[in-house]
Amino acid sequence: MYKINENYLKLPGSYLFSNIAKKVAAYTAANPDKSIIRLGIGDVTQPLAPAIIEALHSAVDEMAHAETFHGYAPDLGYEFLRSAMAENDYQALGCDISADEIFISDGAKCDSGNIQEIFGPDSKIAVCDPVYPVYVDTNVMAGRTGTYNPDTETWSDVIYMPCTEANNFAPELPKERPDIIYLCFPNNPTGAAVTTDELQKWVDYANKEGSVIIYDAAYEAYITEENIPHTIFQCEGARTCAIELRSFSKKAGFTGVRLGATVIPKDLKCGEVTLHSLWARRHGTKYNGAPYIVQKAGAAVYSEAGKVQIAEQIAYYQKNARTIFEGLKSAGYSVSGAVNSPYIWLKTPDKMTSWEFFDFLLEKANVVGTPGSGFGPSGEGYFRLTAFGTYENTIAALERIKNI
Ligand code: MLT
């Protein structure tokens, strides 16, 4: 008999957001008359900006004619998109990142799950707690974690860096040396951000210890404060210790379109080997690129019209974030996040566990959020709401929550 990858069997239950979807589907089936407001998974609700729609239409038309038809995309992505990203996301901020250090992909979820493949099987990972579950689960699948302890909800051989109220939801440098450090700022799920000076400490640490930082910048578009970095490459020395993940999902509403990028500076080396060359090899072997029409849509994000329209869309969600934050605060909830993030992180009332509060909110207010404990043990007693609903639903959800 053939053998399966038994590491998969170690994973407890199903993926967090699949779990929630199942629970909500069961509730809806049993209560078809209830109107549910979904502020759980960070999925956007606003339509794609007109500049993006225009780019999609015109790219589709190009595909209809032999002279302008496009087949396989180049391994690393189309030059027009990589250059637009290099200029706008990096060089405009004074960061030394060139187009050929950017790998276009179909989204940051895949990249954040796949990137671990280029590291040794014995590499030790460090993650924030709470954390986006993909970083940990994909390392479990790869056999890089030990055993799961259901009591502590942690894996042996994984370094957890608690992010709690006591440290303002910003992790402290680990006591034990990790090989790979996953950081996400502004953070999913807590919505916390770190300043450039704080992030610099991580870059210095990684360079000193010979660790690599995988920096998830999926939420950078939501930053409102001055001293918060939009990319890890705003820190000195990041070119020799960091990989950055970028997403178009939250920045431009591409959750259903799919587009992302991984940035690997050519100075990032393990001995003589550049990680850029490994990721290029992987891309070439396992990936045929994001579709031409989608990459064209991505380039429209950086057009003059696109920039203005996208800024309006982000402002719309930021207003939702502020509304939830202020509304819950005035209702007596302890809340954080929201300022530089589309996520609002609240303490569950009356010492309810995260899942108890999930059920309570679903049943009493017909509002769906995400239980903090689903992101790790330090998330217990917390709950995440997203700002990605419509403004009307955001107001309605807030009223319902206040009234229970
Ligand atoms: C989330 O809700 O945490 C995110 O939407 C999940 C994702 O981006 O994959």
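In which sense do β3 and strand β7 pair, and over how many bridges?

A: β3 and strand β7 (residues 180-184) pair in the parallel sense, over 2 bridges. Strands pair if DSSP finds at least two bridges between them. The model is predicted, and local features need pLDDT of at least 70, side-chain atom pairs count only at pLDDT 80 or more, and totals for chains, interfaces and linings use all residues. Residues are numbered from 1 along each chain as its sequence is written. Strands (E, at least two residues) and helices (H or I, at least four) are DSSP runs, numbered from the N terminus.

Within this pairing, alanine 126 has isoleucine 181 of β7 as its bridge partner. β3 also pairs with strand β6 (residues 158-162), in the parallel sense and over 5 bridges. There, aspartate 129 stands opposite proline 162 of β6.

Another set of strands is an open sheet of 4 strands in the order β13-β14-β17-β16, with antiparallel pairing. β13 (335-337) and β16 (370-371) are at the edges; each has a single partner strand, so one side of each is left without a neighbour in the sheet. β13 pairs with strand β14 (residues 343-347) over 3 bridges, and serine 336 stands opposite tryptophan 345 of β14.

Next come the positions annotated in the UniProt record. UniProt positions use the numbering used here, feature names are shortened, and annotations may be inferred rather than shown by experiment. In an unreviewed entry, UniProt gives the feature "binding site" for a list of residues that includes Ala108, Lys109, Tyr132 and Phe248. The listed positions are spread over 217 residues of sequence and also in space, up to 33.4 Å between C-alpha atoms.

Alanine 108 belongs to helix α5 (residues 108-114). It is buried, because 26 other C-beta atoms lie within 10 Å. Leaving out residues up to four places away in sequence, alanine 108 touches Asp216, Ala218, Leu245, Arg246, Ser247 and Gly260. Residues are in contact if their C-beta atoms, placed from the backbone, lie within 7 Å.

Phenylalanine 248 sits in the loop between β9 (242-247) and α8 (249-252). It too counts as buried, with 28 C-beta neighbours inside 10 Å. Not counting residues up to four places away in sequence, phenylalanine 248 touches Phe254, Leu259, Gly260, Gly298 and Val301.

The unreviewed UniProt entry also carries the annotation "modified residue: N6-(pyridoxal phosphate)lysine" at Lys250. This lysine lies in helix α8 and is buried, with 27 other C-beta atoms within 10 Å. With residues up to four places away in sequence left out, lysine 250 touches Gly42, Val44, Ala218, Tyr219, Ala221 and Pro342.

Notes
A residue is buried if 20 or more other C-beta atoms lie within 10 Å of its own, exposed if 12 or fewer, and partly exposed in between; C-beta atoms are placed from the backbone. Two residues are in contact if their C-beta atoms, placed from the backbone, lie within 7 Å.
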